[in-house]
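Have a look at the sequence and the structure, and then read on.

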Amino acid sequence: MHSLQKQFHDYIHSNHLIEKDEKVLLAVSGGLDSMVMARLFLDEGIPVSLAHCNFGLRGDESDADEAFVMKWADNHHINCFVKAFDLGSGSIQLKARNARYEWFSELLLEYNFNKIATAHHLNDSLETVLINLSRGTGIRGLTGISMHNDKVVRPLLFASKEALHTYAMDLGVEWREDSSNQKTDYDRNLIRHEVTPVLMKLNPSLFQTFSLTSERVNHANDIVNLKVEEIVNQYLHQEKDGWKLDLDWISNGSDELVLAEVLSSFGVNYVTAKEIFEARGKSGKSFPVENWLITMDRSTIYFDPNDDLDFDELVIDSEGEYKVGERIFEISKIDKADVQFNSEYEGFFDLKSLKFPIRIRPWREGDRFQPIGMKGNKKVSAFLIDEKIPVSKKKEILILESNGEIAWVVGHRIANPFKITGQTKQVLSVTVS
């Protein structure tokens with residue numbers, strides 16, 4: 001048995017990449033890597049089929065690759081699926097990748113394959129790390145290519161390109177050369193042809209060293225992920241429209257990394273995560289990020305959908321049902337005897353004081369009103385502070401006003417001049433849902 005065959009056997013079984021009696025679909029381009037993978041699977045006795053994508057990017061060369069793969073499959077009595085793709089214009093690499101995996105997934109479901117195997121190897125993993133490092137990355141980006149991702153497995157990640165080439169020469173494995181691999185107009189090819197050779201001069205055992213380093217970084221990443229999972233389970237809570245994250249667990253500077261990993265699921269990059277870490281305890285500081293508005297409030301972070309109400313005000317002339325943003329206002333006249341206080345989102349007003357038209361609008365700095373039970377006026381901003389309304393929730397506060405006066409800080413407090421009294425006969429009911 002060839003030494004690479006034994007390493008392949010040990011690698012797929014010790015890491016449980018392929019279990020007994022599983023059907024595997026091999027992604028085969030016709031190049032060295034995938035043809036070596038096909039031969040290893042063949043000699044291992046694992047039932048496989050091949051899948052070949054013809055993107056037509058190299059004209060006759062692409063068609064020759066297809067014919068080569070089909071002939072190899074036919075010679076070895078192996079089923080081979082082939083599909084031609086028209087990628088159009090734009091980011092060809094990204095389109096090709098997405099189209100390839102989408103087709104592989106379709107084949108997996110249609111023909112009941114258990115796994116899809118690709119021929120990524122140690123050099124590919126190193127190149128991925130170097131690309132990530134050059135662009136900026138976290139621990140996850142330094143782990144290299146994962147050996148498995150759901151149904152996709154990568155059974156050659158233990159081997160360098162040189163080892164694959166030696167195996168092919170020893171066993172007479174044929175393959176097709178892709179002329180585009182020699183170009184340096186793609187980042188990966190640039191690293192492959194110009195950066196990696198320099199690193200090899202510095203360290204001839206580069207790939208062995210990288211393999212061990214990658215293993216250690218993966219373990220470190222596992223430790224961080226366990227800590228992140230613990231924090232999420234204990235301190236991240238879902239609210240009606242968003243989330244809140246308590247920060248009581250933060251005790252030292254290294255927790256900044258854990259916080260950054262937690263925040264990354266909300267689309268926060270590391271630079272912004274550092275700013276949020278430094279803003280702990282500073283109420284009112286906010287960070288708009290993708291679909292979220294992140295707001296600091298004492299020792300808590302609030303995540304609210306970043307979709308401001310799309311209106312300045314709504315003028316209401318009569319009873320009925322009105323939609324304000326995501327909320328529904330139901331307005332009706334009722335008898336005083338029918339008043340029942342069941343929720344803070346039900347407001348009852350003396351109809352002699354509150355008259356149509358009424359307006360519903362977001363609160364503004366400078367707004368003042370007389371809260372029920374008080375003699376003097378109070379700023380709405382001060383009232384919200386007294387009520388301990390989180391800073392992140394203040395943008396959602398609505399005002400109901402009549403004749404230029406605030407009658408209700410919706411869901412919180414009715415204004416004194418509009419309250420029901422002993423002399424009240426008719427009531428205007430406003431219910432918010």
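A residue is called buried when its relative accessible area is under 20%, exposed when the value is over 50%, and partly exposed in between, using a 1.4 Å probe and protein chains only. By that rule E127, at 3% relative accessibility, counts as buried.

A word on the model: it is predicted, so local features need pLDDT of at least 70 and side-chain atom pairs count only at pLDDT 80 or more, while totals for chains, interfaces and linings use all residues. Residues are numbered from 1 along each chain as its sequence is written, and side-chain values use heavy atoms, with hydrogens and water left out.

**A glutamate in a helix**

Helices (H or I, at least four residues) and strands (E, at least two) are DSSP runs, numbered from the N terminus. E127 belongs to helix α5, residues 122–135. Contact means heavy atoms within 4.5 Å. Not counting residues up to four places away in sequence, E127 touches R188, I191 and R192.

**A helix lying across a sheet**

Next, find helix α10, which spans residues 270–278 and has T272, A273, I276 and F277 buried. These residues cover an arc of only 145 degrees around the axis, so they sit on the same side of α10; the arc is that of the directions from the helix axis to the C-beta atoms. V271 and E278, on the other side of α10, are exposed.

What do the buried residues of α10 pack against? Their partners are α9 (255–264), β9 (286–289), β10 (292–297) and β11 (300–305). The helix lies across β9, β10 and β11, and runs at about 160 degrees to β9. For such angles, axes are lines fitted to C-alpha atoms, for helices over the stretch in contact, and the angles run from 0 to 180 degrees between N-to-C directions.

The N-terminal end of α10 is capped by N269, with a side-chain oxygen 3.3 Å from the backbone nitrogen of V271. A polar contact is a pair of N or O atoms within 3.5 Å; within protein, one must be able to donate a hydrogen and the other to accept it, and residues adjacent in sequence count only if both atoms are side-chain atoms.

Now for the sheet itself. Strands of a sheet pair through backbone hydrogen bonds, either parallel or antiparallel. Two strands count as paired if DSSP finds at least two bridges between them. Here, 5 strands form an open sheet in the order β7-β8-β11-β10-β9, with antiparallel pairing. Its edge strands are β7 (236–238) and β9, each of which pairs on one side only. From one strand to the next, the twist averages 20 degrees. Strands β9 and β10 run antiparallel and are joined by 4 bridges; V289 stands opposite W292 in β10.

**Rings in pairs**

Rings of Phe, Tyr and Trp (its six-membered ring) pair if their centres lie within 6.5 Å; planes under 30 degrees apart count as stacked, over 60 as edge-to-face and the rest as tilted. The structure holds 13 aromatic pairs, and two examples follow.

| Pair | Distance of centres | Angle of planes | Type |
|---|---|---|---|
| F8 and F41 | 5.2 Å | 75 degrees | edge-to-face |
| Y111 and F113 | 6.4 Å | 50 degrees | tilted |

F8 lies in helix α1 (residues 3–14) and F41 in helix α2 (residues 32–44), so their pair ties together parts that are 33 residues apart in sequence. Both F8 and F41 are buried. In the other pair, Y111 is partly exposed at 34% relative accessibility, whereas F113 is buried at 6%. Elsewhere, ring pairs link F55, F85, Y101, W103 and F104 into a cluster.

**Backbone details in the loops**

Which residues are joined by a cis peptide bond? They are F356 and P357, with omega about 0 degrees. P357 is in the loop between β15 (346–350) and β16 (358–362).

N112 is not a glycine, yet has a positive phi of about 60 degrees. This residue lies in the loop between α4 (92–111) and β4 (115–117) and is exposed, with a relative accessible area of 57%. N403 also is a residue other than glycine with a positive phi, near 55 degrees. Its loop lies between β19 (398–402) and β20 (405–409), and N403 counts as exposed at 74% relative accessibility.

**A buried isoleucine**

Finish at I399 in strand β19, which is buried at 0% relative accessibility. Not counting residues up to four places away in sequence, I399 touches several residues, including R359, I360, W363 and W408.
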